[in-house]
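I opened the notebook to write down what I looked up in this model, entry by entry. The sequence and structure come next, and my notes follow.

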Amino acid sequence: MANADGRVIAVANMKGGVGKTTTVVMLAEGLAEAGHRVVVLDLDAQANASYCFAPDDQLKAILEQRRSVTSFLADRLLYGDRTPITDYLARDISHVMKAGEPLAIDMVVASPRLRLLEREIVLRLTEKNYGIRSLEGQSLKVLEEALVLLKARYDYVLFDCAPGISAFTEVAIRLADMVVVPTIPDYLSTLGFDAFRASVWENAHVTRSALPQPKRRPVVLASRVNGNKIQHRETLASLRNEAEEPDAVFEMFDLEVDNQASIERAMDPENFPYAPTFEQKWNRALGQVRDLVTETRRRLDG
Ligand SMILES: Nc1ncnc2c1ncn2[C@@H]1O[C@H](COP(=O)(O)OP(=O)(O)OP(=O)(O)O)[C@@H](O)[C@H]1O
Ligand SMILES: [Mg+2]
């Protein structure tokens with residue numbers, strides 16, 4: 001049952017291809033399998049998470065009904081329309097089964113127009129002599145209001161953020177109770193994490209941002225880990241040392257998500273032309289999905 005106070009998790013990293021969307025899908029299905037009501041908001045114009053949950057024709061039909069984050073933000077920010085976020089939901093979107101029922105996952109999908117929309121809003125604001133700060137401020141208000149409704153109906157609200165730093169990512173990070181940052185434990189990815197963390201968590205207060213500080217430190221989730229690679233093991237050891245220092249600027253999951261075929265396979269809906277059970281879908285990665293859920297709940301409550 002949903003309580004009145006759902007928790008908000010944003011999965012974000014400036015770096016692309018590190019496993020953000022994979023983490024969102026693992027968390028959404030794992031939390032739903034554990035009996036929680038889950039809603040996913042796709043904030044990425046690539047719409048990867050949307051395709052994972054609603055392949056092809058289903059997604060097309062949802063977009064034709066103007067049910068998407070893109071339509072919601074356009075209606076609010078461009079047209080001053082006040083239709084509530086709940087009218088943009090695609091309900092019971094999951095094809096994954098548990099005890100003969102699909103998992104209870106609702107979603108607000110993204111459309112590829114999301115990127116254009118952001119540009120359009122910036123242009124309109126510039127015409128009125130407002131800038132990017134104003135876009136951030138307005139997006140914050142709109143998404144904050146949406147979250148009031150969603151948190152009353154769901155146990156968990158998950159944001160899948162786009163790579164790079166968009167206004168919508170900046171806002172999702174500020175509204176989240178926890179920001180999970182999937183990071184491949186190699187040199188370039190840790191450099192990328194450091195730049196991302198510094199720009200969002202450290203510089204915010206000096207850049208006259210319209211946004212509040214994030215609620216807590218980012219939580220690194222080691223992703224696509226290859227335990228046979230010395231570089232991965234060494235990078236993990238040094239990340240863990242850093243996370244354990246008394247003045248650490250980030251936290252870190254104990255769990256390390258392995259780079260494995262079962263996860264890659266689970267992320268392609270074409271591998272499941274039938275409605276798989278949760279166990280069939282995650283197969284050898286089942287233990288990692290369950291561990292991710294357990295540790296996420298512990299970190300949110302602790
Ligand atoms: N643990 C894993 N094991 C194997 N493959 C993985 C794993 N995690 C992610 N992948 C694969 O890596 C690719 C990138 O993953 P994903 O799309 O989740 O990254 P992302 O950070 O969301 O990317 P983007 O920045 O483009 O949004 C996908 O093909 C996915 O299937
Ligand atoms: Mg992604």
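Which residues does the UniProt annotation "domain: AAA" cover? I found that this annotation, from an unreviewed entry, covers residues 7-199; UniProt positions are given in the numbering used here, feature names are shortened, and annotations may be inferred rather than shown by experiment.

Before going further I noted that this is a predicted model, in which local features need pLDDT of at least 70, side-chain atom pairs count only at pLDDT 80 or more, and totals for chains, interfaces and linings use all residues. Residues are numbered from 1 along each chain as its sequence is written, chains are lettered from A and ligands numbered from 1 in the order in which they are written, and side-chain values use heavy atoms, with hydrogens and water left out.

**Entry: the annotated range.** Over residues 7-199 I read 50% helix and 15% strand, with the end C-alpha atoms 25 Å apart. Helices (H or I, at least four residues) and strands (E, at least two) are DSSP runs, numbered from the N terminus.

**Entry: strand 2.** I looked up residues 38-42 and found that five of the five residues of strand 2 are buried, so the strand is largely enclosed by the rest of the structure; buried means under 20% relative accessible area, exposed over 50%, and partly exposed in between (1.4 Å probe, protein chains only). V38, V40 and D42 lie on one side and V39 and L41 on the other, and both faces are covered. I then checked the neighbours, taking two strands as paired if DSSP finds at least two bridges between them. Strand 2 pairs with strand 5 (residues 105-108) in the parallel sense over four bridges, and V40 stands opposite M107 there. With strand 6 (residues 156-160) the pairing is also parallel, over five bridges, and D42 has D160 as its bridge partner.

**Entry: T70.** I located T70 in helix 4 (residues 69-77). Is T70 buried or exposed? T70 counts as buried because its relative accessibility is 0%. Its side chain reaches the backbone nitrogen of S111 at 3.1 Å, which I logged as a polar contact (a pair of N or O atoms within 3.5 Å; within protein, one must be able to donate a hydrogen and the other to accept it, and residues adjacent in sequence count only if both atoms are side-chain atoms).

**Entry: strand 8.** Six of the seven residues of strand 8 (residues 219-225) are buried. Four bridges join this strand to strand 7 (residues 178-183) in parallel, with V181 opposite V220. Another parallel set of four bridges joins strand 8 to strand 9 (residues 251-258), where E251 is the bridge partner of V219.

**Entry: ligand 1.** Which residues come nearest to ligand 1? Of the 18 residues around it, I noted K20, T21, T22, D258 and Q260 as coming nearest, where near means that a heavy atom of the residue lies within 4 Å. An oxygen atom of ligand 1 is 3.0 Å from a polar backbone atom of G19, and a polar side-chain atom of R224 lies 3.1 Å from an oxygen atom of the ligand. A nitrogen atom of ligand 1 is 3.0 Å from a polar backbone atom of Q260. Taken alone, ligand 1 exposes 620 Å², and the protein buries 84% of that, with areas from the Shrake-Rupley method and a 1.4 Å probe.
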